[in-house]
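Visitor: I have a structure to go through with you. Can we start with the terms and then look at the interior?

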Amino acid sequence: MNGNGERFGREAWLRVARYLRLFVATPEGLKALAMLGLLVASLISFNALNVLNSYVGRDFMSAIERRDFAAFIREAWLYVAVFAASTVVAVTWRYLEERLALLWRTWQTRQLLDRYLAQRRYFRIEENGQLLNPDQRIAEDVRSFTTTSLSFLLLVLNASFTIIAFSGVLWSISPQLFIVAVTYALAGSLIAVLLGRRLIGLNSAQLDKEANFRTELILVRDNAAPLALTHGEEHEHRRLLQRLGAIVDNTRRMISINRNLNGFTNGYNYLVQIIPTLIVAPMFIRGEVQFGVVTQAAMAFSTLMGAFSIAITQFQSISTYAAVVGRLGKLAEALEQAGPHPTALEIREEDGRLAYEGLSLRRPDGRLLLDQLTLAIDAGARVLVTGTYGHAKVALFKATAGLLAEGEGEGRIVRPGAEGILFVPDMPFLPRGSVRELLRRDDGRDAGVDSEIWAALEQMHLDAAVRQAGGLDAEHDWSGLLGAGEQLSMAVVRVLLDRPQFVFFDRMSLAFHPDQVARVLQAVAASGIGYLVLGKPEDVAGGYFNALLDIDGEGRWTWRPLSAVR
């Protein structure tokens, strides 16, 4: 485990293997297996051509030594033919590798997105704060994992075929040379692992430090106006420099290790060029072999050493790959932990009914926020929720929406299904897209015909802003185009179009002027929708509520009907 808590052990690899088995069992997996079979065939063909090339090269050099012009021309044509065939096989190999990597990445990313967004796992992962940068893991680490996994698989297969193909060639030239190659490669691999083993943890840390730096820059970009108004750039500047300093410190440690590893690797590779000549050249001088055998031995030795020495030549890539596997293993673990789990708080869906039965809520530190709330709220009710302690109101809002963490609530909540109750936070999320897409229902159906949409927009005083932005089908980043109050009004437009049985508003007064709050509540009530609003005791004076739920600082609650309702 490294400093960021990433695991590079058996569990991470088992999760990766589990995902791979799932992939193979799908229609995409069957297609991938067929492509992999063609890749293996390409590898075998490529190695066979390499072996053939070693013999053609031997005869070509021997023809030059003998000054045999006819043999020289014949072997030259053979050389060209082998090179052409090798080129076709290499291009096919690369094409199949890229297509297979894309197929695998697409499936893997879709699987993770499905799990990440299902059952609000993304919310629970963010709430517990134990997993850094899940977005980077899904977007970048999956791409790196799929492409690198395939590359390493092909490297190992290619190395195996190469060892099988060229071991015979090298042994036929000199058994001594074959033994030297095996011994040299094993010793070099062991030394490389010892020199570079710390790179795995450092590479994982580097990925998170880079992501944290980018996140801080995005924060500055997305909050440019409030940052400028509050003169917060100095604070952000210090934080950015801290993030950059962490990147620099980690990179320096990686550079030091890479320096030692590269120094050994370069020396190792230089000796590969001379060892076969030192062994075979005396055989040529004694007349035991032809001159072409010297060049054939050099080629065979170099090729065989490349196959034996994957751990040396690819160690930096392997260390990065191991870090990615650990990060994806941690993501899979977080998704499993964020899934549905037994809880003392039961949420039951029942059409047309909103009720709390023995509901108790607590803060993560155990402090009681709400004690044994038991009441039923009738359809069409207009409830103001107040409280001495603001966290109690927000906890009730989150509990009703099913967003409480394990251990923070107990009892039962009875509520309509997703289409029967909507929740409007104080600052709603408006994704980039068109207004028509923003208002589309969760099941994909359109919110209504254009005339209904425009009528709801006009009711919330948003019609002019939407027309100015290009109409219902113009795509924009609405969170940047609309003010806080307008964004909340857009969420209310969806409520008016969806017409749920109940709507639960968070603190509207944070974004709305009292006159705007009044307009929203009048519109919602006129649509026959019951509502609950988190507010203050003085909001009763507006006359827009027929019941008051008040929660004191000790978690005790009172329910009081109100008579004056507009």
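Guide: One term to begin with: a nonpolar core is a set of buried Ala, Val, Leu, Ile, Met, Phe, Trp, Tyr and Cys residues joined through side-chain atoms within 4.5 Å. Note also that this is a predicted model.

Visitor: Fine. Which residues touch the most other members in the largest nonpolar core?

Guide: Leu 457, Met 490, Val 503, Phe 505, Met 508 and Tyr 531 do, in a core of 45 residues.

Visitor: Which helices and strands each supply at least two residues of this core?

Guide: The strands are E6 (421–424), E7 (502–505) and E8 (530–534). The helices are H14 (435–439), H15 (450–459), H18 (484–498) and H19 (514–526).

Visitor: And where does the largest share come from?

Guide: From H18, with eight residues.

Visitor: What is Val 503 in contact with, leaving aside neighbours within four places in sequence?

Guide: Val 503 contacts Leu 422, Val 424, Val 495, Val 524, Ile 529, Gly 530, Tyr 531 and Leu 532.

Visitor: What other core lies apart from the largest one?

Guide: Another core, of 36 residues, lies apart from it; Trp 107, Ile 125, Ala 332 and Ala 334 are among its members.

Visitor: Now Asp 463. Buried or exposed?

Guide: Asp 463 counts as buried because its relative accessibility is 18%, and the cut-off for buried is under 20%. The residue is in helix H16 (residues 463–468).

Visitor: Different spot. Where is Ala 379?

Guide: Ala 379 is in the loop between strand E3 (368–377) and strand E4 (382–387). At 62% relative accessibility, this alanine counts as exposed.

Visitor: How far is Ala 379 from Gly 530, in sequence and in space?

Guide: They are 151 residues apart in sequence, and 5.9 Å apart in space from C-alpha to C-alpha. Gly 530 is also one of the contacts of Val 503.

Visitor: Overall dimensions, then. What does the C-alpha trace span along its principal axes?

Guide: About 115 × 50 × 50 Å. The radius of gyration is 34 Å, whereas a compact globule of 566 residues would have one near 24 Å.

Visitor: And how many helices and strands?

Guide: The protein has 19 helices and ten strands. Buried residues make up 44% of its 566 residues.

Methods: Residues numbered from 1 in each chain as written. Predicted model: local features only at pLDDT ≥ 70, side-chain atom pairs only at ≥ 80, totals over all residues. Heavy atoms only, no water. Buried < 20%, exposed > 50% of the residue type's maximum accessible area, 1.4 Å probe, protein only. Helix = DSSP H or I, 4+ residues; strand = E, 2+ residues; numbered from the N terminus. Contact = heavy atoms within 4.5 Å. Rg over C-alpha atoms; globule rule 2.2 N^0.38 Å.
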